[in-house]
Amino acid sequence: MEGVVVLLNCFVSPFGNRVRIALKFKGVAYEEKAENLAAKSPLLLSSNPVHAKVPVLIVDGKPVCESLVILEFIDDGFSAAGAPPLLPADPYARAHARFWASYVDTKLNEAGMRVWRSPKGATAAVEAARKDTVAALKTLEAELGGKPYFGGDALGYVDVALVPFAPWFLTYERFGGFTVAAECPALAAWADRCVRENTCVAESLPEAEHVFQFVCGMRKAFGLD
Amino acid sequence: MEKKSSENATPPVAAPLKLFGSWASSYTHRVQLALRLKGLEFEYVEEDLGNKSDELLRHNPVHKKVPVLVHGGRALPESVIILQYLDDAWPETRPLLPADAFDRALARFWCHFADDKLGPAVGAVFASTGEDQEAAVRQVHENLALLEVELRDGAFRGRRFFGGDEVGLLDVVLGCGSYWLAVFEDVTGVRLVDADAFPRFNAWLRDFEALDEVRETIPAVDRLLEYARGLRHMLLGLAGANAAAPSADAPTTAAAAPSAAAADIAVDI
């Protein structure tokens, strides 16, 4: 695939950071443009008219939207020698990987958002969200099993889909009143391993404290405190 | 080739295919249609969604939903994932996804749109009344307008089907569900897919529904109408409404929790 590669992202976005990791994993040179989600750029609005969301990957002027769609696009389009695949070759293993990546979006992200987005004092809602978040994390931990990575011996599609949520664990923990280390020690260890053993991950993820500060700022802006 | 993890290896293509589904589920129809388009034989098991079989729950412990395709003992849940599996496992036979990376991304993007935006909006129209319903109808119209623009001027302009001259992944995903639009219009009395406002979408839907494999797959409209009337009656808790009593053939989901039935089957396109 030829052409200039541009990523529209917001530094805390787990969806955008999936794309950062994948591009670095494949050794693709790209330019990142930081979006202010309270004042979206004309480029973002014209590249993603349907949702006006990050991430958007623009390759030679053509936009691709939705993080998991972008990951598959990167795998389809940047498979030059030396750039390993994110998805496995085996059809059943691919389906398995797609299933778990989708699970991160529909179950973990959905519950996690409810943990930090609930207005102050909504204890019942937060408690329910905490339960659902921990359940999703435990399910993911069970799927990891004894493997070093969801992809097996090395980082794969599911790892890239999930690890950008690791910087959000601190935020879930502080608002939800639990710790990932206590509830899911193997998953916590996996997150550390991803960062320690993979430069593409270490270079792509924000500090957990920065995510927390960002969320606190958002809560104030939306009058949730 | 060394098998790293035998639990994750694809069975031989000749291994038997067994589909667990529900007759009124558009997600199930997607898989039935794709199997027919690929010329693949399969055994079909009708699930009672109010009383799911142990076998289904064993094959889809995470979501406990239909459809699930079992290929040589390996279970595949989630309709869009199943469709892509069929392409990956039978790449020579009538591909559902195009070859070009951008075109594939577009097809996948609009499949997400169908399931995350259009489907829930249509479901909301069906499950509500009054002002809530009006808001949901506006949402549906906005979503259909986006598709109409793509068909008229955008990524899909000049095409008979989203997949080109032949149906592809997006046609199967959007098509298996779009037949509910006319059914819901009839049951709710609300105009959803005006042929004047959405001429290309209507033309596409008409061509899609005329295909032999599609006619084999989508249930007869009077069964869909009866089912929808019963479901709406239940969802709205209307007393003495003019709804037909479910026949002996209809799934016993009439007795199941309304929201569970709606989520499982047809209210989401």
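Okay, A:R94 and B:D88: these two form a salt bridge, with their closest N and O atoms 3.0 Å apart. Keep in mind that this is a predicted model. On the chain B side, the residues touching chain A come from several elements, and β4 (74-77), α3 (79-89) and α4 (101-127) each supply at least two. The largest share, eleven residues, is from α4(B). By type, that side of chain B splits into 15 nonpolar, five polar and eight charged residues.

Now the contact as a whole. It takes 28 residues from chain B and 27 from chain A. About 2,500 Å² is buried between the two chains, and carbon and sulfur atoms give 70% of that. How many salt bridges are there between chain B and chain A? The count is five.

Here's another one: A:D76 meets B:R104, 2.8 Å from N to O. A:D76 sits in helix α3 of chain A and B:R104 in helix α4 of chain B, so this pair joins two chains. A:D76 is partly exposed, at 27% relative accessible area, while B:R104 is buried, at 15%. And there's a network of salt bridges, linking A:E72, A:D76, A:R94, A:R98, B:D88, B:R104 and B:R108.

Let's go inside single chains. A:R130 pairs with A:E127 at 2.8 Å, and both lie in helix α5 of chain A, three residues apart, about one turn of the helix.

Over in chain B, B:R36 forms a salt bridge with B:E216, at 3.2 Å. That pair links distant parts of the chain, helix α1 and helix α8, 180 residues apart. B:R36 is partly exposed, at 25%, and B:E216 is exposed, at 54%.

Notes. Residues numbered from 1 in each chain as written. Chains lettered and ligands numbered in written order. Predicted model: local features only at pLDDT ≥ 70, side-chain atom pairs only at ≥ 80, totals over all residues. Heavy atoms only, no water. Contact = heavy atoms within 4.5 Å. Buried area = accessible area lost by both parts, 1.4 Å probe. Salt bridge = Lys/Arg side-chain N within 4 Å of Asp/Glu carboxyl O. Helix = DSSP H or I, 4+ residues; strand = E, 2+ residues; numbered from the N terminus. Nonpolar A, V, L, I, M, F, W, Y, C, P; charged D, E, K, R; others polar. Buried < 20%, exposed > 50% of the residue type's maximum accessible area, 1.4 Å probe, protein only.
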